[in-house]
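Trainee: I have a chain to look at and some questions about how its parts pack. Can we go through it together?

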Amino acid sequence: MKIMNCKQLGGACDKKFHAETFDEIAEMSKQHGMDMFQKNDEAHLKAMNEMQQLMQKPEAMTEWSENKRKEFEALPPVPG
Ligand SMILES: [Zn+2]
């Protein structure tokens, strides 16, 4: 079990996600991003906008997610 927060995953708040794998945590952060998008949360809308800019460049997006994956892998596991 590892923990990353919304900001670390390209979001805008300190909400923590707990997951065993990077794919799992990326999915949680995506779901949370969509929830906040529906609530029209300004900070998250801005963060999502920046992510969308990144998605325009597939290479930059791949690099970003590989870096995040490495960051996740390097985290010390948390019991529970
Ligand atoms: Zn958030």
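This is a predicted model: local features need pLDDT of at least 70, side-chain atom pairs count only at pLDDT 80 or more; totals for chains, interfaces and linings use all residues.

Trainee: How many aromatic pairs does the structure hold?

Mentor: Ring centres must lie within 6.5 Å to pair. Phe22 and Phe72 sit 6.1 Å apart, centre to centre. The number of aromatic pairs in the structure is one.

Trainee: Is the pair of Phe22 and Phe72 stacked or edge-to-face?

Mentor: A pair of rings is described by the distance of the centres and the angle of the planes. Planes over 60 degrees apart count as edge-to-face. The planes of Phe22 and Phe72 are 65 degrees apart, so the pair is edge-to-face.

Trainee: How many residues apart are Phe22 and Phe72?

Mentor: Phe22 belongs to helix H1, residues 22-38. Phe72 belongs to helix H3, residues 58-74. The pair links distant parts of the chain, and the separation is 50 residues.

Trainee: Is Phe72 buried or exposed?

Mentor: Buried means under 20% relative accessible area. Phe72 has 1% relative accessibility, so Phe72 is buried.

Trainee: At roughly what angle do the axes of H1 and H3 cross?

Mentor: H1 passes H3 in a right-handed crossing. From H1, the contact uses Phe22, Asp23 and Ile25; from H3, it uses Ser65, Lys68, Arg69 and Phe72. These residues divide into three nonpolar, one polar and three charged. The axes come within 10 Å, and the crossing angle is roughly 115 degrees.

Trainee: Which residues does His44 touch, not counting residues up to four places away in sequence?

Mentor: His44 lies in helix H2, residues 42-55. With 4% relative accessibility, His44 counts as buried. Beyond four places in sequence, its contacts are Cys6, Ala12, Cys13, His32 and Met36.

Trainee: Where is Asp41 found, and what separates its C-alpha atom from that of Ala12?

Mentor: Asp41 is in the loop between H1 and H2. Its relative accessibility is 24%, so Asp41 counts as partly exposed. Asp41 and Ala12 are 29 residues apart along the chain, and their C-alpha atoms are separated by 9.5 Å.

Technical notes. Residues are numbered from 1 along each chain as its sequence is written. Side-chain values use heavy atoms; hydrogens and water are left out. Rings of Phe, Tyr and Trp (its six-membered ring) pair if their centres lie within 6.5 Å; planes under 30 degrees apart count as stacked, over 60 as edge-to-face and the rest as tilted. Helices (H or I, at least four residues) and strands (E, at least two) are DSSP runs, numbered from the N terminus. Buried means under 20% relative accessible area, exposed over 50%, partly exposed in between (1.4 Å probe, protein chains only). Axes are lines fitted to C-alpha atoms, for helices over the stretch in contact, and angles run from 0 to 180 degrees between N-to-C directions. A crossing is left-handed if the near helix is turned anticlockwise from the far one by less than a right angle, and right-handed if clockwise. Contact means heavy atoms within 4.5 Å. Ala, Val, Leu, Ile, Met, Phe, Trp, Tyr, Cys and Pro count as nonpolar, Asp, Glu, Lys and Arg as charged, and the others, Gly among them, as polar.
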